[in-house]
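Please open the model in your viewer and follow the selections below in order.

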Number of protein chains: 2
Amino acid sequence: MDLLTGLRDALGASQVLTGADAQPYLTDWRGRYTGAAQAVVRPGSTAQVAQVVHLCRRHGASIVPQGGNTGLAGGATPDVDGRAVVVSTRRLDRLRAVDAGNDTITVEAGCTLQAVQQWARDAGRLYPLSLASEGSCTVGGNLATNAGGTQVLRYGNARELALGLEVVTAEGDIWHGLRGLRKDNTGYDLRDLYIGSEGTLGIITAATLRLYPLPVAQRTALVSLSTLAAAVALLPRARAGFGAALTGFEVMSHASLEVVVRAFPQQTLPLGPAPWYALLELSDSESDAHAQARFEAVLEAALNEGLLLDAAVAGSLAQSQALWQLRESISSAQSWEGKNIKHDISVPASRIPDFVAATDALLQQAIPGVRHIIFGHLGDGNLHYNVSRPPEVPEADFLARQDEVYLLVHDSVHAHGGSISAEHGIGQLKRDELLRYKDGVELGLMHRIKQALDPLGLMNPGKVLAPR
Amino acid sequence: MDLLTGLRDALGASQVLTGADAQPYLTDWRGRYTGAAQAVVRPGSTAQVAQVVHLCRRHGASIVPQGGNTGLAGGATPDVDGRAVVVSTRRLDRLRAVDAGNDTITVEAGCTLQAVQQWARDAGRLYPLSLASEGSCTVGGNLATNAGGTQVLRYGNARELALGLEVVTAEGDIWHGLRGLRKDNTGYDLRDLYIGSEGTLGIITAATLRLYPLPVAQRTALVSLSTLAAAVALLPRARAGFGAALTGFEVMSHASLEVVVRAFPQQTLPLGPAPWYALLELSDSESDAHAQARFEAVLEAALNEGLLLDAAVAGSLAQSQALWQLRESISSAQSWEGKNIKHDISVPASRIPDFVAATDALLQQAIPGVRHIIFGHLGDGNLHYNVSRPPEVPEADFLARQDEVYLLVHDSVHAHGGSISAEHGIGQLKRDELLRYKDGVELGLMHRIKQALDPLGLMNPGKVLAPR
């Protein structure tokens, strides 16, 4: 029996897509990569996922797991050789259990992040992961890429939010690891090995996730600063003054907000012009008045110390949303001005000012007049360091230098003890760059793990690790 | 050249201990296990650790890493065949760097936990891991066993506190993974694989750890409750009302405090007798008065709801210490009354009342009159469920039934979705029990990892995994 017949027998013909039906699954959403596949399959249960893996093994077909197809590194797009079967997890979309008394929720991999957030709210709890793509990205994708977002400062990445997993291994076995325990020291940490492995070791089919109390009140403030170093110096003061109530600490350069105001003239800055801005969010377990009072106390002390130029605390939910909208409009505003070269990097917070100064200077040397659009999750040391062309340079000429810019910026990140992929993963986008920056011993260990858990090399080949 | 000569050449003769000098390293501190070794070596640098591993490989000697030798599961004690070399990390005791601006500290594996706590405080920061053995346990041991303690509720286990590791692999290579990044998605999570692997995959030689702001004030309260279910119901209310300021939530049965008051008559309870007590700790980022006011508000609401029988907030540091001393005296008070059978287990918080009721009943059936001394970190679902003999049963007769009691309690833990080792690890103590409770697929994956990273099987053999 051939593979397609076997897949149709196992899943029903309507869940085995080929031809035009398969196309939407074969291109990543940024449109950078398009691959080919024997079929796209949509299993409806963990047992069906295991059947698919067994069938692919028997026929030597490689397996590309895919969630919401919102990844930024091409990790869920098959290569062009056409041997692959794409396994879409979107039909694994059931809520298995909410245990409010244990502050956990168990969901299948194809649930959207938004659905999980809503189920948690329905139970009077918070699932704190929050991303731009939350309406369509899935729990399985969040975990496979260890997604980040805006609340990592307080609640951690996707990794820190997962207590247990259910996984179909590369051998087609089901690992029943859906534990809802905060302490469990009974052997190797397989959970964290599958998390962040981008579908190259197995397929995550369900997860038990941590829930938190819903905050009683949330307040947002925008502060202006004369230097990036001042923003970095504000961070430990904010952490000390607000404790874990500090759930957001974003930084934005003047240039990045200029782009927003130019693209979206209805958006306005509540503060006068300044070289840098920081957006702080407090999630208070007491009251709105308490959050307001804490903001005033801590920001006034920072103002008196000369750390801030000015500060504005949002007085209403609408004002707070307007502040967040400034931050969240940067990417689209920048796209509106034309294509740019993006970097998703992290360095230790203490080295951020040096990193930015050094990298800015090197880039100006390489491409005089280039514009740096710098913003990101300063509380996590994670910057989106995006580079726009000088107005006089044609777009095509600028984009032709993309690899040179990547090399320059990533070399600088590496020299400052940083990471070339803070929250987006490696996928196929940065796979070859990884060879340049990763410790050789570490790469060797990664290959051994891959060989041990996927000896046939069928799981998402060509992602994360280059073939040896 | 024989192994001992090679080791002496590499480390200096004074750092290669044999005979009586080696003895203190060959018995665990509870005195349950005594092994034998060709030598105990005390390397003074990571490079020397790597040399030791190379020498042991060449001579086919197994390697038992050891930190402060305070483990509770025999994980750092060699077996009796005498082939092993014990590698003590205690001379790797340097502070490599404090980066206050990044809230990180980098220390070598042999540093005591207390030294790290002090270095953090010297930099105006908190390293929140806190254990009874902190004066002698080491960072390397904390990470190798993923140690827990009393502040896990807020700050997580040792795992959650580590950002980067330096490891000498089983091949004698050095992995330079000392990253101080809160976001880094560049490949498989080797860090978390070495953490908790109890020295069976390699030797952790240094770590970069997270620091936190020092709290401005700390307050403690004791509450009395009529049922364990009321304590479980108080937990989400306390989490919601205090947010992340809640840094401790311990539970103690009446029987466990009775034992303390009997053994140490100078200790007194500030509340009248009740079936259960909970000890709550707040770490406030604002002021002592604020902590006091929060305690009053949240505990008053719980009292009015009928959840609590009574509550006492410590009015001074001395009162607070006296409350913690009650909790911390339970183990020694129980030992003072004779040997008992201990369990370090976790179940989902929501299932704790059912678990305790069911297990208590089964034990009474098996050994009528047996006493349950139940206390622990309720906030993490982690109980120390200890069993003392009925007064009329001779100690020897009672202890002869230890394996039967383990089986009964651990079967019940398993049936309630729990873990047979919440924070102490597997070592040799629970190695064979693991075979009974661990998912077969998971055990198989663990063996593959072991085979991949330690193909010669020289790293701490016989710990965690039984030979196949």
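How many residues does the contact take from chain B and from chain A? The contact, meaning heavy atoms within 4.5 Å, takes 89 residues from chain B and 89 residues from chain A.

This is a predicted model, in which local features need pLDDT of at least 70 and side-chain atom pairs count only at pLDDT 80 or more, while totals for chains, interfaces and linings use all residues. Residues are numbered from 1 along each chain as its sequence is written, chains are lettered from A and ligands numbered from 1 in the order in which they are written, and side-chain values use heavy atoms, with hydrogens and water left out.

Show both chains. Between them, chain B and chain A bury about 6,800 Å² (accessible area lost on being put together, 1.4 Å probe, summed over both), and 53% of it lies on carbon and sulfur atoms. Next select B:Lys183, B:Asn185 and B:Tyr188, which supply 16% of the area that chain B buries against chain A, more than any other three residues.

Now select B:Asp189 and A:Arg159. Their side chains meet in a salt bridge at 2.9 Å, N to O; the rule asks for a side-chain nitrogen of Lys or Arg within 4 Å of a carboxyl oxygen of Asp or Glu. It finds 14 salt bridges across this interface.

Finally, select B:Gly12, which follows α1(B) and has a positive phi, near 90°.

Definitions and conventions:
Buried area is the accessible area (1.4 Å probe) that two parts lose on being put together, summed over both. Helices (H or I, at least four residues) and strands (E, at least two) are DSSP runs, numbered from the N terminus.
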